[in-house]
Amino acid sequence: MPPTRSSSTDRAGLFVLSACLVAALLVAFLAVRQQTEQHSREQFEQGTRLVKALSAIPLDGLTPSSGRPNPLAAVLRAHGSADLAFGLVTDPTGRPLAEVTAPGLSPAVQPLSADRPAEWFGHGPMDSGVAGLELMEFHGPLLREGRLEGFVRIAFRAPGMGFNASQLPFVAGLALPVLLLVPLFFFLLRSQLRPLQALSARLETFTTAPPGEASARDVVSRFALFLDAAESRIRELESTRNDSETSVKLLGYKKEKVESALETLPEGVLVLDEGGVAVFANAKVGPLLGADPAGLLQKEPANWAIAPEILGVLAPLLGSQAGAAKHTASYHPGADENRRVSVWALPLFAPRDATRRLGTLLVLRETTDQLLAARARDEFIAHVAHELKTPLANISLYGELLRDEPDLPDETRIEAVNTVCDEAERAAALIGNLLNISRIEAGSIVIERQWVRLGDLLNDCMEHLSHGGRAHGLRLRVDVPPDLPPVELDKDLLRIALNNLLTNAAKYNREKGEVILSAEESDERILISVQDTGIGIPAADLERIFEKFYRSADQEAVSRGGHGLGLYLARQIVEMHQGQIGVVSQPGQGTRVTLSFRKPHVLLRAA
Amino acid sequence: MKRLLVVDDEPHVARVLRVSLAKDGWSVETARDGAEALRVIANNPPDVMITDIQMPGMGGEELCRELHASLPHRPFPILVMTSMTARDQRDWARDLGSIEFLEKPVSPRRIAALLAQLLSQEKHNA
């Protein structure tokens with residue numbers, strides 16, 4: 001029942017207000033009384049002093065004489081007290097010699113006894129002859145040479161307790177702040193109390209039992225119930241708060257986790273909101289985009305999409321007719337034709353609502369490797385085609401000659417047949433390398449070790465080279481120590497590797513140069529070297545010559561043909577043996593390729 | 001004797017043509033690259049030149065440019081051997097006065113026919 005409660009509060013407020021008013025009046029009353037007492041004391045001192053001063057004046061000085069105004073009046077006027085109401089000079093018998101009286105007053109003067117000097121000085125109340133006005137009278141003797149000549153008597157208006165208009169500002173000043181502050185506090189208190197009132201009302205509803213006798217015990221038990229309910233409610237609220245705090249922490253943690261996962265991705269990831277403004281970018285975005293990832297946040301793509309391809313990919317997604325289709329493109333960052341970045345733009349949908357767009361995901365991936373690989377592959381195919389076409393063209397050329405010219409001299413015919421054979425072998429070697437590489441890369445060649453006498457193997461390989469046309473005019477040497485122990489290797493694979501190295505050594509050699517195939521052993525390793533006296537390899541190419549399809553751009557090397565597979569295949573084969581392949585080269589002087597294999601006991605120890 | 005200059009880093013085409021064109025009254029000279037070809041031409045211009053494109057040193061394209069610059073009124077027919085059928089190759093070759101392309105692998109029989117045709121044209125023109 002809040003209205004009743006509210007009005008009772010109002011009543012209480014009214015009571016407080018009245019009490020405060022009374023208190024204020026009391027304070028004013030006490031203040032006024034204190035002031036009156038003060039005034040009385042001052043009057044007393046003033047009167048005593050004045051009477052003493054007057055009694056020192058000879059009687060003649062106080063009585064009027066002809067041609068002189070009443071001197072008493074002058075004296076009293078000179079004193080200047082508004083309260084001084086009456087002055088009288090008498091002879092010792094009490095006969096008035098001079099008198100001054102404030103208008104409207106008729107004081108009743110009691111005669112003083114000349115016989116009792118102890119009473120000559122004194123003071124006492126005096127009837128003013130006006131109702132409600134008290135006078136305080138002071139009197140003293142007038143003496144001449146120790147003889148009493150008369151008395152001087154003065155009277156002050158006694159300060160009354162009645163309302164004094166002159167004191168109004170003081171009282172008002174005292175009471176007004178109190179009177180103003182009290183209602184202010186009251187209303188302030190009331191507004192503060194309102195929620196408490198509501199609580200109290202609810203408390204009452206809660207604790208009010210069905211109508212009946214409400215004993216003190218009932219009230220206590222209801223209150224206890226209320227406290228229980230309140231406590232459980234508080235606990236509920238506390239646990240809700242804890243839950244929400246935990247979920248906030250969990251969300252923060254999840255967000256961090258997602259962000260750190262996005263940071264570790266090899267791709268650049270950029271998230272745009274529905275409006276196309278960048279809201280997240282991982283660090284990889286920077287180099288791929290050529291822009292500072294932090295600098296593009298909160299900005300639209302036009303501000304950071306340096307490559308027009310990105311805007312092209314985003315355009316269909318940022319439009320109103322956004323579909324779920326994937327949009328992809330690629331561009332050269334920094335207009336560098338040798339780098340390529342592929343970009344995918346995907347619409348982001350709410351996890352459980354595929355109609356609600358959350359924004360756009362932009363994924364950037366460096367595809368320079370694929371670009372270079374594709375270029376290398378294209379070049380390789382063109383090169384292989386050329387390399388295959390050349391021997392075939394020669395075979396065709398000589399074949400036609402043999403067919404159309406039945407009367408060829410013998411030596412021409414032999415040369416033609418040899419050339420056809422050589423060129424067929426050249427084509428076959430290229431095809432063989434291609435097949436071996438594809439089989440090794442596919443893992444279909446398994447290494448089969450057997451004990452090999454390196455002297456025999458190396459001599460075989462060199463003999464194979466000498467039969468081919470390439471070795472014409474070159475000095476070929478095999479250098480193997482006679483006591484070299486057998487080595488466990490895959491003979492067929494090693495022969496392929498060595499044939500490739502020897503072919504290179506002959507192909508890139510100078511005229512009448514030399515090819516040396518040698519083997520030696522150290523404590524732990526067997527080393528096989530192929531050394532030539534050819535054009536050498538430029539330092540810039542040394543690191544890459546074992547890469548698949550890699551061809552030196554050196555004009556001299558280019559002119560001698562080659563398909564960028566021989567050294568790659570040799571490395572593959574050596575690595576299948578857990579060996580190493582290395583090269584040292586001096587342009588214009590020659591090249592030495594060394595294969596290094598660990599000896600079996602070393603392998604065993606390592607295992 | 002008509003003189004044919006074969007410019008090729010590989011010896012095979014020249015070798016075969018020397019044998020197969022001999023009975024038609026052609027003598028075949030060879031140059032291994034463009035620079036050597038220019039020396040031969042300066043010394044004694046051939047009646048017909050056949051050149052490869054890819055050669056170490058001066059290639060076929062550069063050779064043709066040099067000849068076009070020094071001899072604007074082509075004094076002898078040029079045949080270009082190419083394994084590439086790209087259009088741009090044909091464009092420069094035609095601009096520089098080559099009259100025919102020989103797709104690799106070249107056929108001696110076809111070259112003989114082509115040369116006979118060229119000779120009869122020249123006779124007709126003369």
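Helix H2 of chain B passes helix H3 of chain B in a right-handed crossing, where right-handed means that the near helix is turned clockwise from the far one by less than a right angle, and left-handed that it is turned anticlockwise. Helices (H or I, at least four residues) and strands (E, at least two) are DSSP runs, numbered from the N terminus. The model is predicted, so local features need pLDDT of at least 70 and side-chain atom pairs count only at pLDDT 80 or more, while totals for chains, interfaces and linings use all residues. Residues are numbered from 1 along each chain as its sequence is written, and chains are lettered from A and ligands numbered from 1 in the order in which they are written.

To return to the opening pair, H2(B) spans residues 34–43 and H3(B) spans residues 60–70, and their axes come within 9 Å and cross at roughly 30°. Here the axes are lines fitted to C-alpha atoms, for helices over the stretch in contact, and angles run from 0 to 180 degrees between N-to-C directions. The angle makes H2(B) roughly parallel to H3(B), given that angles under 35 degrees count as roughly parallel, over 145 as roughly antiparallel, 65 to 115 as roughly perpendicular and the rest as oblique. On the H2(B) side the contact is made by B:Gly34, B:Ala37 and B:Leu38, and on the H3(B) side by B:Gly60, B:Glu62, B:Leu63 and B:Glu66. Two residues are in contact if their C-beta atoms, placed from the backbone, lie within 7 Å. Sorted by class, these residues are three nonpolar, two polar and two charged. In this sorting, Ala, Val, Leu, Ile, Met, Phe, Trp, Tyr, Cys and Pro count as nonpolar, Asp, Glu, Lys and Arg as charged, and the others, Gly among them, as polar.

Stepping back to the whole of chain B, one finds five helices and five strands, arranged along the sequence in the pattern β-α-β-α-β-α-β-α-β-α. Of its 126 residues, 37% count as buried. A residue is buried if 20 or more other C-beta atoms lie within 10 Å of its own, exposed if 12 or fewer, and partly exposed in between, with C-beta atoms placed from the backbone. Among the contacts in chain B with a separation of 6 or more, 59% are accounted for by residues 24 or more positions apart.

B:Gly25 is found in the loop between H1 and strand E2 (26–31) of chain B, and B:Gly25 is exposed, with 10 other C-beta atoms within 10 Å. Leaving aside residues up to four places away in sequence, B:Gly25 touches B:Met1 and B:Lys2. B:Gly25 and B:Arg3 are 22 residues apart in sequence, and their C-alpha atoms are 8.8 Å apart in space.

The two chains also meet: 14 residues of chain B are in contact with 17 residues of chain A. On the chain B side, the elements that give two or more residues are helix H1 (12–21) and helix H5 (108–125). H1(B) gives the most, with five residues. By class, this side of chain B has seven nonpolar, four polar and three charged residues.

Chain A contains 17 helices and 17 strands, and 23% of its 607 residues count as buried. Of the contacts in chain A between residues at least 6 apart in sequence, 57% join residues at least 24 apart. In helix H3 (residues 71–79) of chain A, the buried residues are A:Leu72, A:Val75 and A:Leu76. Seen down the axis of H3(A), these buried residues fall within an arc of 95°, so they line one face of the helix; the arc is that of the directions from the helix axis to the C-beta atoms.

The axes of H13(A) and H16(A) come within 9 Å and cross at roughly 150°, and the crossing is left-handed. Residues of H13(A), including A:Leu493, A:Ile496 and A:Asn500, meet residues of H16(A), including A:Leu569, A:Ala570 and A:Ile573. The residues of this contact divide into 10 nonpolar, four polar and no charged.

Most residues other than glycine have a negative phi. A:Lys512, however, has a positive phi of about 60° although it is not a glycine, and its place is in the loop between helix H13 (491–507) and strand E14 (514–521) of chain A. A:Gln578 has a positive phi of about 55° and lies in the loop between helix H16 (566–576) and strand E16 (580–586) of chain A. A:Lys512 is exposed, with 9 other C-beta atoms within 10 Å, and A:Gln578 is exposed, with 11.
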